[in-house]
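Have a go at each task before you read its solution.

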There are 2 protein chains.
Amino acid sequence: LNFSKNKELRAELFESRVIAGESRLTLEETGYLLERGRITLFEDEEELDLQKFLKRASSLIPNFELRFLVYKNIRDRGYHLKTGILDFRVYPRGTKPGGGESKYIIRVLSEREPMEITGLEKDILITKNLKKRLLYAIVDEEGDITYYEIKEKKMRGSLPSLSMDTNVKGDLLEERVIIWDPPFLNRLNEFWWFGRLTDEGRRLQLSFVESAYLIERRSLEVLDARGNILSLEEFIEAASAIESNFYRKYLIYRDLRDRRMVVKTGFKFGSHFRVYGEMPSENAFHSRYLIHLLTDEHAARLPEISRAVRLAHGVKKEMVFAMADESKVVRYVEISWVRL
Amino acid sequence: LNFSKNKELRAELFESRVIAGESRLTLEETGYLLERGRITLFEDEEELDLQKFLKRASSLIPNFELRFLVYKNIRDRGYHLKTGILDFRVYPRGTKPGGGESKYIIRVLSEREPMEITGLEKDILITKNLKKRLLYAIVDEEGDITYYEIKEKKMRGSLPSLSMDTNVKGDLLEERVIIWDPPFLNRLNEFWWFGRLTDEGRRLQLSFVESAYLIERRSLEVLDARGNILSLEEFIEAASAIESNFYRKYLIYRDLRDRRMVVKTGFKFGSHFRVYGEMPSENAFHSRYLIHLLTDEHAARLPEISRAVRLAHGVKKEMVFAMADESKVVRYVEISWVRL
């Protein structure tokens, strides 16, 4: 199609196909060209202006409205794009379909749709196999579009591996475990940043995930109110009674600790964890990652994802979502805000 | 009790009461004084050290662990406090109970507890009647404490009231309404910032809440795909099919618009709305408030509140939570992060 020569090409809508000369146009292309006055469109000899066409197209293919908004937005930013794979394939600036490789694969979503984890993982797999970058284009209720890049994330830290020769005892209070053994607790706190020292270093408060990890690694025995030692299963049960999500959260915690990272609560950032690749020092005091567990029930409401990503961006951290499946394999997905 | 004279006062635990000399101590006070070595504590002639006492106290009163952490934290910051009303009453620095008025009323919460809206409203009422400031002390899983101030919020803007003499028509597409009447849409957009102009100002996209408001105010008629005019009820039904929460969100939107504020989507901040007190200008372009609807189902998970408040703080906006009850009365509560 050479639009510079044919200023107003005539196109025809047959069922849901649009034919212009010898080319076939997608409905998004049709809308775009109509808006720019580059084509005239007919259906059964009736001319469809943009208003009529938008109503018609919305009834012909699901999600047309969203797709059209995103198509237009990407074209207006100077990119060429083609329908296909997920919703669109986008070519690097200056490259056209046929003249080079596409760079991004775009999925179009409404802010109102929940983001399904299985769908997310499929999309990652597809784009990974194609060696493309995956973007989600989220259309908000006012038709504004935010682009998020979705990436598999490898988490790896450089902490020494946990080696505690002693096995100390801790008391389970209501929501915490207290250790009263100063040399042990100082080592735990200093080399791996477990717990929180209080009372001028005379005792260490451990969170539930920290305690479970130390129990599982045979470095800690936790006593309940009656003085009985709790097995890992019993401890997890007790913790789960207080925090229903505890076990899944623990799977993520354990995985990150096993990857030699420092894992602390992310409460102040509204995430499950904040994570450091090494022990914080004066030069590198800030955590690099915020980790939030995605569960199937809570699925991912896009406004919540938006809030998390925006917050992480504001505090210069990477927002990573973690998922643990039945087999306890943990996967990490970084979601970041990008300007197209 | 004069601890400077009696360096190690003897105290006795009877059931859940602690008696030291002629005074009665709360369990939090007892823990605090024990930790500082200012008292020795006995129960049935057996001495209770801090470790034994903490276990004992946790079994005696619910929430002792959390209350003790907060008590200690506030004392360590140089304030006096007393048990009572919600959890504690805190006196201004330099003032002691008996020597002046308390300033804050503190409620102690674990990050794991959901924040119940009815409870929140009761707390606001209590502290309002007492003319005190209400703080929630949230204890995270590691025992760190964040203080939030909870305040009723009056929302009021200075927009001209909506007066559109014409009644234009809009097309309902899938998730938006499109208006094609340039003079009307320009006025709507310019004076009240409804919708989003696209296609070089030739059409206006309205969100569902905006459309519902204009329908209710008789400034707009929305046509469905078959060309039928939708009543307000029909429109709300159609919107609710796409967004289950729509009606409650609309109640908040309507209330804020009726209060002469500009209300736009807060999607990029992960909140329902961002709100301006007047039409943004070059000097005052940023929205002042983020508004998030709290519903009973979604109740308020504290980590989500934390995320919202932190985000709002980072972008210099006020985080306001809105609640609409059966009678459609909308109330606003500002939650902000405070340093005690």
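**Exercise 1.** Find the residue in β15(B) that is the bridge partner of R196(B).

*Solution.* Step one: the partner of R196(B) in β15(B) is Q205(B). Step two: widen the view to the strands, which are DSSP runs of E with at least two residues, numbered from the N terminus. β14(B) and β15(B) (residues 203–206) pair in the antiparallel sense over 3 bridges; two strands count as paired if DSSP finds at least two bridges between them. Step three: look at the whole sheet, an open one of 5 strands in chain B with mixed pairing, in the order β14-β15-β13-β12-β16. β14 (196–198) and β16 (220–223) of chain B are at the edges with a single partner strand each, so one side of each has no neighbour in the sheet.

Before going on, a note on the model: it is predicted, local features need pLDDT of at least 70, side-chain atom pairs count only at pLDDT 80 or more, and totals for chains, interfaces and linings use all residues. Residues are numbered from 1 along each chain as its sequence is written, chains are lettered from A and ligands numbered from 1 in the order in which they are written, and side-chain values use heavy atoms, leaving out hydrogens and water.

**Exercise 2.** Work out how α1(B) and α2(B) are oriented to each other.

*Solution.* Step one: pick out the helices, DSSP runs of H or I with at least four residues. Helix α1 (residues 27–35) of chain B packs against helix α2 (residues 50–60) of chain B at an angle of about 170°, their axes 10 Å apart. Here axes are lines fitted to C-alpha atoms, for helices over the stretch in contact, and angles between N-to-C directions run from 0 to 180 degrees. Step two: α1(B) and α2(B) are therefore roughly antiparallel, the word for angles over 145 degrees. Step three: find the touching residues (heavy atoms within 4.5 Å). They include L27(B) and L34(B) of α1(B), and F53(B) and A57(B) of α2(B).

**Exercise 3.** Which residue forms a salt bridge with R67(A)?

*Solution.* Step one: a salt bridge needs a side-chain nitrogen of Lys or Arg within 4 Å of a carboxyl oxygen of Asp or Glu. Step two: E28(A) is the partner of R67(A), with the closest N and O atoms 2.8 Å apart. Step three: R67(A) lies in helix α3 (residues 64–76) of chain A and E28(A) in helix α1 (residues 27–35) of chain A, so the pair ties together parts 39 residues apart in sequence.

**Exercise 4.** How many salt bridges cross the interface of chain A and chain B?

*Solution.* The rule finds 18 there. One to look for is K268(B) with D144(A), whose closest N and O atoms are 3.4 Å apart.

Key
Parallel < 35°, antiparallel > 145°, perpendicular 65-115°, else oblique.
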